[in-house]
Amino acid sequence: MFEEHQPHLMRVAYHLMGTVSEAEDAVQEAYLRLVRTGAEVDDPRSWLTTTVTRICLDQLTSARARRERYVGPWLPEPVVAPAPALGPEDRLTLDDSVSLAMLVVLESLSPAERIVFVLHEAFGFAHAEIAGIVGRQETACRQLLARARRHVDERAPRFTPDRDEHRTAVTAFLRAAADGDLDALAGVLDPRVVLRSDGGGQVTSARRPVSGARDVARLLLGLAARDRTDWRMTPVNGMPGAVFSRAGRVVGVMAFTVFAGRITEIDFVLNPEKLRHLGAVRHD
């Protein structure tokens, strides 16, 4: 019974928490609570969704305080496509996954705003359902959603939903980076591109976002020259991205936002703790 709902629960928890590890913890805790009820649940999916959401709501407040003390930019844990040999049960958050850039925007919401926004906008829950889950009046939930929408509209990145256009830009970026071609690399970047890198104080990374095509290109080429790694293009949070590895171990994941044929945002996750769930590099 629980297994059939697990992918849905993981998607909900990941959208809410922004980390695979915390999402897994929330889903596991919901399962344990279901077992402890010792009774038959009429609607397991609804009961588990409500429970996971409430667990995430409790965790978000403390998580937000930790992230405010974080060294450098805080980025979500990336979801990277597994090898084709893996079954559907391993693709927990890949389908309809939210981009890293959007997850960063969701960090600007209060815990209650984030819960209401995600349940309504990403999963299509009605206001009455959300009110029952979060224990608030329906009117209050509508107000939270309106505030959340304003915040997201102000901060949400422009992007193209066209996968081929996205892939073309990422391919050109990776080729220029591999060639060490500054002009070609800057040319595929939007003039106002922003690079956020998350090393968590554990590995070298920019402590503040870097903006501007040539500044971002110079920084990335400098890193590439200093720290040789293997790379492969692979879906990251549902869109073409890149995984960097050394000696068979993942050492970085890069996600891109593309608009009008150019890369407008780069999210580079380097913190080893946020890459641990990816395991070893697979060569298929």
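Start by selecting helices α2 and α3, which lie oblique to each other. Helix α2 covers residues 20-37 and α3 covers residues 44-68; they pack at an angle of about 140°, with their axes 9 Å apart. Axes are lines fitted to C-alpha atoms, for helices over the stretch in contact, and angles run from 0 to 180 degrees between N-to-C directions. Angles under 35 degrees count as roughly parallel, over 145 as roughly antiparallel, 65 to 115 as roughly perpendicular, and the rest as oblique.

Before you click on: this is a predicted model, where local features need pLDDT of at least 70, side-chain atom pairs count only at pLDDT 80 or more, and totals for chains, interfaces and linings use all residues. Residues are numbered from 1 along each chain as its sequence is written, and side-chain values use heavy atoms, leaving out hydrogens and water.

How far apart are the axes of α1 and α3? They are 9 Å apart, and the helices pack at an angle of about 30°. That makes α1 roughly parallel to α3. Color the contact and you'll find, among others, Phe2, Leu9 and Leu16 from α1 meeting α3 residues including Pro44, Leu60 and Ala63. The α1 and α3 contact counts 12 nonpolar, 5 polar and 2 charged residues.

Next stop: select α6 (residues 127-134) and α7 (residues 138-155), packed at about 100° with axes 9 Å apart. So α6 is roughly perpendicular to α7. Look for His127, Ala128, Ile130, Ala131 and Val134 in α6, which meet Glu138, Cys141, Arg142 and Leu145 in α7.

Time for the sheet. In which order do its strands run? The open sheet has 6 strands, ordered β2-β1-β6-β5-β4-β3, with mixed pairing; two strands pair if DSSP finds at least two bridges between them. Select β2 (210-211) and β3 (230-236): these stand at the edges with a single partner strand each, so one side of each has no neighbour in the sheet. Then pick β1 (residues 189-198), which runs antiparallel to β2 and is joined to β2 by 2 bridges. Leu195 stands opposite Val210 in β2.

Helix α8 (residues 163-179) lies across β1, β3, β4, β5 and β6, running at about 30° to β4.

Finish on aromatic rings. Rings of Phe, Tyr and Trp (its six-membered ring) pair if their centres lie within 6.5 Å; planes under 30 degrees apart count as stacked, over 60 as edge-to-face and the rest as tilted. That rule gives 2 aromatic pairs. Select Phe173 and Phe256: their ring centres are 5.0 Å apart and their planes at 65°, so the pair is edge-to-face. Phe173 sits in α8 and Phe256 in β5, so the pair ties together parts 83 residues apart in sequence.

Terms used:
Helix = DSSP H or I, 4+ residues; strand = E, 2+ residues; numbered from the N terminus. Contact = heavy atoms within 4.5 Å. Nonpolar A, V, L, I, M, F, W, Y, C, P; charged D, E, K, R; others polar.
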